[in-house]
Structure formats: C-alpha cells, structure tokens
Amino acid sequence: MNIPSLKNTPTLVNALTNKVILITGAGAGIGKAVAIEYAKQGATVILLGKTIKKLEKVYDEIVSLGKNTPAIFPLDLAGAHEKDYEDMADVIEKEYGRLDGLLHNASILGTLTPIAQYDAAQWQKVMHVNVTAAFVMTKALLPVLLKSENASVVFTSSSVGRMGRAYWGAYSASKFATESLMQTLADEFENTKNIRFNSINPGATHTGMRLSAFPAEDKSLIAKPVDLVNAYVYLFSEKSDDNGVMFNAQ
Ligand code: NAP
C-alpha cells in the first residue's frame, strides 16, 4: 500500500485564519498540541474532551498566547447520545454559523490481548468511543460543516488500522472501521466541492496512550506531539484539496 507521508510538510503561517475547528481529545497528547497550534494559526478552536480540567489548561494556554478565545465542550464519547451531538451542532451553528474543521482525534486503546481472551464489553467500548462516536458526531455536524466554504474532516488512524497485528484487538478493528467511514464519506461527497474527508496516522508519538502500549520504550527515539503539527495544519488549510486519502504524519 502506498501511503503518502506528510513528514516534510513545511511550517505554514496564519494558515487557519478565521476557521472554526473542533478537536476531539483536545486535553492531552496529540490533540492538545494540535489545538494549540491551530489557535496559533488563527483558528477559533472548540476543545472537546472528557476531562474538564485538562481542557481548561489548554484553554488558558491559548488565551495566554493572545489567540482567539476557544470554546470548551466537555463530553464523554463513551456515554454521549445522538441528541448530545445534535445539541452540540445547534450550539455551534448559533455561536459561529458554520464549522470549518472537525478533527476526530480522541480514542482509547483498550487492552492489548489475544482475540481468544478479548473481553466482549471492552471490545464494544473501544468500538463505540473510536468509531461509533465519530460516526454519530459527523452525522450530526454535517449540516453545519456544509455551511463552511471549505470544510475538512480528518479521522485519526493508526498503523494497525491499515494492517492487523496480534494483540491489538478492538483498537485495530476500530481503526480499520475508521478508515472505512472516512472513505465512504469521501466517496459520498466526492462531487460536493466544499467538504473533504481524509485520515491521518500520527505514527509512534510520545503520549499517554503510547506509554500504556509501550511502557519500556526509549521515549527519546520517538516523535513528540509538537513534531506533528505541520501535517495536521496542512489538512485543514486551503493548501489541501485532498479527499479520501489515508496519510501518514511521519
Ligand atoms: P492520548 O494522549 O491518550 O489522548 C487521547 C485523548 O482522547 C485524551 O484527550 C482523552 O481525554 C480523549 N478521550 C479518550 N476517551 C475519551 C472519551 N470517552 N470521551 C472524550 N474524550 C476522550 O492519545 P494520543 O496518543 O494523543 O492519541 C491521539 C490519537 O492518535 C488517537 O486517535 C490514537 O489512536 C492515535 N494514535 C496515536 C499514536 C501514538 O503513538 N500516540 C499512534 C497511532 C495513532 P482524557 O484525557 O480526558 O481522557
């Protein structure tokens, strides 16, 4: 499989001016670094996540940089219902009139366990948070995304979302399903000029999730979330007209 890499994407300046972008899982790891960079690039960011304290820290950091005032949207994707996403879409429409970007970044790892021993309830939770929530959220937000002149929706994948690997169970299956959701949407909206759908695999990055999966790894050898931001900015900028592409960030 030939997967394009965004590793050498140049640093863009003011690439997201006036854009309204919602980032899920914005309180930690890659989502946090990317949300702060989007604000630096001129976007108004909507910080969605489970833990309010973490979101508030990101909010404070953006405000202290003198950037556009962000919004905080606390939501536990494991327990949210369709109505919660519809309400969120109404709030975004009332507040901003449109949504220019949606980064599906929040995910959970579940357990690294052979399929023969994989707990069925755990499987369902991982599939729900990583795929079903992204489906229901995208569905609810489509009308407000279509009000944008040039909307971008990015799904977060993984190398195990492109090739299965022993013990990665529901996480791997959820990332394959994420790619399918992205490709289906990209195809359905192929002839709609103001919206595009792509996916990105961040690759090995030093975050809480990576630490749980590889606790003994030498952290100095892998990327930090800030190392990836150019790739993530590109996908929401006017430079990208990609649709239906699976990217690697590294
Ligand atoms: P992380 O540090 O664990 O951050 C995950 C974020 O998702 C956190 O902000 C977390 O919020 C949020 N989240 C988790 N469950 C949630 C829920 N039920 N409702 C709302 N928010 C929830 O992970 P990361 O490494 O930055 O990963 C970001 C994305 O990259 C994920 O999609 C991951 O699968 C993908 N990825 C990462 C790597 C890597 O090496 N790091 C490699 C490949 C793919 P709380 O902190 O409040 O729980």
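1. Start at the ligand: one of its nitrogen atoms lies 3.5 Å from a backbone N or O atom of Leu75, where a polar contact means a pair of N or O atoms within 3.5 Å; within protein, one must be able to donate a hydrogen and the other to accept it, and residues adjacent in sequence count only if both atoms are side-chain atoms. A polar backbone atom of Leu77 is 2.9 Å from a nitrogen atom of the ligand. At Gly25, a polar backbone atom sits 3.3 Å from an oxygen atom of the ligand.

2. A word on what you are looking at: this is a predicted model, in which local features need pLDDT of at least 70 and side-chain atom pairs count only at pLDDT 80 or more, while totals for chains, interfaces and linings use all residues. Residues are numbered from 1 along each chain as its sequence is written, and side-chain values use heavy atoms, with hydrogens and water left out.

3. Which residues come nearest to the ligand? They are Thr51, Lys54, Asn105, Tyr171 and Thr207, out of 30 residues around the ligand (a residue is near if one of its heavy atoms lies within 4 Å).

4. Now to the helices (DSSP runs of H or I, at least four residues, numbered from the N terminus). The axes of H4 (residues 120-145) and H5 (residues 169-188) come within 8 Å and cross at roughly 15 degrees; axes are lines fitted to C-alpha atoms over the stretch in contact, and angles run from 0 to 180 degrees between N-to-C directions. That angle makes H4 roughly parallel to H5 (under 35 degrees).

5. In the contact of H4 with H5 (heavy atoms within 4.5 Å), the H4 side includes Trp123 and Phe135, and the H5 side includes Tyr171 and Leu185. By class, this contact has twelve nonpolar, five polar and no charged residues (Ala, Val, Leu, Ile, Met, Phe, Trp, Tyr, Cys and Pro count as nonpolar, Asp, Glu, Lys and Arg as charged, and the others, Gly among them, as polar).

6. Helix H1 (residues 29-40) packs with helix H2 (residues 52-64) at about 25 degrees, their axes 10 Å apart. That makes H1 roughly parallel to H2. Lys32, Ala35, Ile36 and Ala39 of H1 meet Val58, Glu61 and Ile62 of H2.

7. Finally, helix H3 (residues 82-96) and H4 pack at an angle of about 35 degrees, with axes 9 Å apart. Among the residues in contact are Tyr85 and Ile92 of H3 and Met137 and Leu141 of H4. The contact divides into ten nonpolar, no polar and four charged residues.

How values were computed: Helices (H or I, at least four residues) and strands (E, at least two) are DSSP runs, numbered from the N terminus. Angles under 35 degrees count as roughly parallel, over 145 as roughly antiparallel, 65 to 115 as roughly perpendicular and the rest as oblique.
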